[in-house]
Structure formats: structure tokens, C-alpha cells
Amino acid sequence: MFWNKKKKENSTSELNDKNENKTTYSERSCWIYLSEKYNEILFVPIGNTSEWSFRELDKVIIKEWPLKIGELQKCVNITLDNFEQNAIEIENNNDNWFSFKNSKAKTQKSFNSDYIVFQLKTDYTREYADGEVERFNVKSSPREWEKDRHYIIGTAHSIDTDIAQLILDINKDCQKIRKNKSA
């Protein structure tokens, strides 16, 4: 009878094999700059120069806003694919500030206040389950990115248009906060 069968115990090697089969992803990151004022969205890949520092890469994709959700997701994927784990460190100056240089903003103040910045980064906060696809944290601030400490944060999988939808939702919330703040 089935209730008399001894419980099968997993060997250590079987447990190790199961843990190795957990899907892991290498780090990927990018920034997206969206301006309703200039009807523009910039997709900027990031490169790590060391464990704690990074820089923008000169592979900026510029699109007119609004963008269809499928095209938005496609541009996000291309930009994430351009992430560099070991980028060469370069001097910080306006010539190397590729997002500002490629934007329609005429001044740094305009760039900082007229664009909403989205930071996308691979999510490692919890282990990936079997068959789970890559997750990304999406972080944005409704006000000036450098000065504000209040962020809207979400997590989405790289399935279909999940990340693009999260960006649209966060942008909508940021726009509401900006309008209420200026009223």
C-alpha cells in the first residue's frame, strides 16, 4: 500500500543539481529619460566602471514620444542588451553626458526638470524560481532626480510588454505628482 512506502530522501548531489538549475541572470542596467514637454524619450545604456561606479554609454536611442508599447519594450530590450559589465572609465564632462547631449534640452536645468528619469536594473532581491524569467526593478522620481529622495519603484519581468507597461504606469504617476506640485 502507498502509505507504507518509505519516504525517498534526496541525496546531497541531487539537491546541488536542483540549486544549480535555478535560473540566474547577469546584471543589466539602463536609464530612460522621458520628456512630455519635448515629446521625446531617450534610451541610455549603462556601463559599470567599477563595483560602485558606472557611466552612460554612447549608444543612445532617441524616439519621439508617445511611443507604442511594443516599440517601447523593443527599445528597452535593445538598450539593456547594450549594457557593459566592464566599461572604460572616462572623464565626466558635458561631452560625455550622452543623455543630455542627445536631448532637446538647451540647458542642464531644463534637462533635469523637464525629463523624468527611469533607472532599470536587474532584480536580485530574491532568488529566481524554476522557469522564472529575468526581473527588473524600475525606479523613478517625479521631481528632480538628484535632489529628490522620493521614488516610485516597481518590479516587472521581461515578458512581452511588462516592463514597458510598468514604465507607462510610473510615468503617469510622476506626471500627476508634477501637475499637483505646480498647481
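1. Basis. In this predicted model, local features need pLDDT of at least 70 and side-chain atom pairs count only at pLDDT 80 or more, while totals for chains, interfaces and linings use all residues. Residues are numbered from 1 along each chain as its sequence is written, and side-chain values use heavy atoms, with hydrogens and water left out.

2. Salt bridge count. The whole structure holds nine salt bridges, the criterion being a side-chain nitrogen of Lys or Arg within 4 Å of a carboxyl oxygen of Asp or Glu.

3. Aspartate 114 and lysine 37. These two form a salt bridge, with 3.3 Å between the closest N and O atoms. Aspartate 114 is in helix α4 (residues 108-114) and lysine 37 is in the loop between β1 and β2, so the pair ties together parts 77 residues apart in sequence. Helices (H or I, at least four residues) and strands (E, at least two) are DSSP runs, numbered from the N terminus. Aspartate 114 counts as buried at 16% relative accessibility, whereas lysine 37, at 56%, counts as exposed. The classes are buried under 20% relative accessible area, exposed over 50%, and partly exposed in between (1.4 Å probe, protein chains only).

4. Glutamate 71 and lysine 63. The closest N and O atoms of this salt bridge are 3.1 Å apart. Glutamate 71 is partly exposed at 26% relative accessibility, and lysine 63 is partly exposed at 28%.

5. Arginine 135 and aspartate 123. Their side chains meet in a salt bridge at 2.8 Å, N to O. Arginine 135 belongs to strand β6 (residues 135-140) and aspartate 123 to the loop between β5 and β6, so the pair ties together parts twelve residues apart in sequence. Both residues are buried. A network of salt bridges links Asp123, Arg126, Glu132 and Arg135.

6. Second largest pocket. Its volume is about 190 Å³, taken as the space filled by probe spheres set on grid points joined across faces, edges and corners. A pocket here is an open set of points on a 1 Å grid over the protein atoms alone, where a 1.4 Å probe fits, with protein on both sides within 12 Å along at least five of seven lines; lining residues have an atom within 4 Å of a point.

7. Pocket lining. Of the 13 lining residues, Glu27, Asn48, Glu51, Phe54 and Lys121 lie nearest the centre of the second largest pocket. The elements giving two or more residues to this lining are β1 (29-35), β2 (40-48) and β5 (116-122). By class, the lining has four nonpolar, six polar and three charged residues; Ala, Val, Leu, Ile, Met, Phe, Trp, Tyr, Cys and Pro count as nonpolar, Asp, Glu, Lys and Arg as charged, and the others, Gly among them, as polar.
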